[in-house]
Structure formats: C-alpha cells, structure tokens
Amino acid sequence: MSHSPASISTIPGTNYPVRFTVRQAGSKCLQIIDHNSSEPVRHISYHKAGWRNKHQRITLYSGPNPSEESHPLVSVLRDLSLEAKLQSRSSHHKIQLHNPPSDDSSGENGNIRTMINMTYSRSGWIFSELTYRFFLPSPANADRLDTCTYEWRRPTHQLTEIHALRKASLQILKTGDSRPTESSLLPPQGYILVRTNVNHKSLENENPRLGWTSKGEEIVASLSRPSWGVSKTKFHFQFWGSAAEGQMNAEFFDVAIATAAAIWFDEYRNGKKN
C-alpha cells in the first residue's frame, strides 16, 4: 500500500521525517527535530574558520545528541583563505562523505571515502538567483544516468515550497498539490533543491503544481528561514517528490541536509549578505 508524503512521519528506508526543523542545541551544535514528535533525529556540528585553520566545517552525525556515541556521515568544508577569496565564483565548498568508523581509521578525517565539489554561481546582481551545485550518483530509477545534478537555488521571489515551511500548523504540502497565487514582490526566504537532469515534466502553463519548477524540473527539497522572533530555530526543511517517497540513494538525504546547513551557516550565522 502506498502512502503520500503528507501521511507518513518518516521517509521509507531512512530515519528522516519528510519535514523537520533545525534548532540550536549548544554553542556549536544543531539538532534535527521531528515535526511530529518534537524529538531529535540527528545532530550537526559547526566550526568557524580560525586564525590558523582557514576551513569552515559543517558535520552531520548519525546520532541525535552530541553526548551520545555517533559517527560523522557528511562534512561540508569551505576554504576561507585569502587565495580562495580571490577566486570568486569558483568552487569553495568540499563535501566529504564518511565511512562508518573502523579500527584502522584515525580521527574524524580518517574515514573519508568520497570528496565532492559544491560550486557557487549567481545569475546577475544582488537580488538575482543564487545557485549552489553538486553531483551525486543516480538513484536506480534515474533513467540510467551515471550522475544527477542537484542545485540549491535561491529564487528571485518567494515560492510556496519555501514559504509554507514557516507555518508549523499547516498540513504538509506535497508534490502535485495545486500551487496557490504567489507574489513576485515578496523576497525569497530560503532555497529549493532541484534535480536538473532527470524527470523533466511537460508543463501546460507557466504556473506548475507544487514540486516542479517553471521549466519542469523536479524539486526534491526546500529550506526556509524562520519567522522573526524565533531564536532557537535556524531553518525549516522539507523533502519533496522522489525524495519524500524514498526513491533516492541513502547518501542523497545526508548530503542534502548537510549542504543546507552549510548554506545557512554561510548566510545567516556569518552574517553574509548575498
């Protein structure tokens, strides 16, 4: 029996909820909080670049709390050295996928199995679309492509996939729901994660249903800044479409969340203006 993403609390094959909140949990820690149970699912650590170490690091861990035994799943590093800053529009994030710990691994960096670049680009000036792009192996149902291209996009105006996450009392929306009227005057308060090279959908008009861009690209996740006055909540997150139905590789879910946290850390924790 199939279930819609709005009717399930956990994505099949994972322990991630379809929709959750990321909250502060200590001076250098975030927790993923289940939208339904209010219980922590996993935790994220973050470290600013220092005088000697010029790399900013975000790490997603397998456990819900820093005090419990857990291991790193994904780290996202940003090089903040002078040389990197001079190379604008170049790749400035490294995504590290970790293996489970073993006896022959040494420290947090001793079990890295894959390194992936996440590149940054902008389509124009300050209020233009902003994009972070990375590549992952295709899930089994992705039209036999070797890799899928994913883009975190900050759109030019507010989208329902972003705005609806800020209202915890609302029922979870899902891919295929009707898109309400959206004002082009409202500034964006978050990002959508788009899978660009598979599952394009033919659109009959310029107002696609939720979960699809105006070009027919599938939206697989979104993140939203919190409403004003919410101090511990750092961002809201939801999986959409194929991701919400559990049709992605296991590493996709970890990478999507870790990169979302890295973007939050770039823009809001460090006061970066884009």
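**Exercise 1. Determine which way the residues of strand 10 point, and whether they are buried or exposed.**

Step 1. From strand 10, G190, I192 and V194 point one way, while Y191, L193 and R195 point the other way. Strands here are DSSP runs of E with at least two residues, helices are runs of H or I with at least four, and both are numbered from the N terminus.

Step 2. The residues on both sides are buried; buried means under 20% relative accessible area, exposed over 50%, and partly exposed in between, with a 1.4 Å probe and protein chains only.

Step 3. Strand 10 covers residues 190-195, and because 6 of its 6 residues are buried, the strand is largely enclosed by the rest of the structure.

This is a predicted model, in which local features need pLDDT of at least 70 and side-chain atom pairs count only at pLDDT 80 or more, while totals for chains, interfaces and linings use all residues. Residues are numbered from 1 along each chain as its sequence is written, and side-chain values use heavy atoms, with hydrogens and water left out.

**Exercise 2. Find which strand is joined to strand 10 by 6 bridges, and name the bridge partner of E151 in strand 10.**

Step 1. Strand 11 (residues 218-224) runs antiparallel to strand 10 and is joined to it by 6 bridges. Two strands pair if DSSP finds at least two bridges between them.

Step 2. In strand 11, L223 is the bridge partner of Y191.

Step 3. Strand 9 (residues 147-154) also pairs with strand 10, in the antiparallel sense, over 4 bridges. Here V194 of strand 10 is the partner of E151.

**Exercise 3. Describe the aromatic pair of Y150 and F252.**

Step 1. Rings of Phe, Tyr and Trp (its six-membered ring) pair if their centres lie within 6.5 Å; planes under 30 degrees apart count as stacked, over 60 as edge-to-face and the rest as tilted. By this rule there are 15 aromatic pairs.

Step 2. The rings of Y150 and F252 are 5.2 Å apart, centre to centre, with 40 degrees between the planes, and the pair is tilted.

Step 3. Y150 lies in strand 9 and F252 in helix 4 (residues 250-269), so the pair ties together parts that are 102 residues apart in sequence.

Step 4. Y150 is buried at a relative accessible area of 1%, and F252 is buried at 2%.

Step 5. Ring pairs link both residues into a cluster that also holds F20, F134, W152, F237, F239 and F253.
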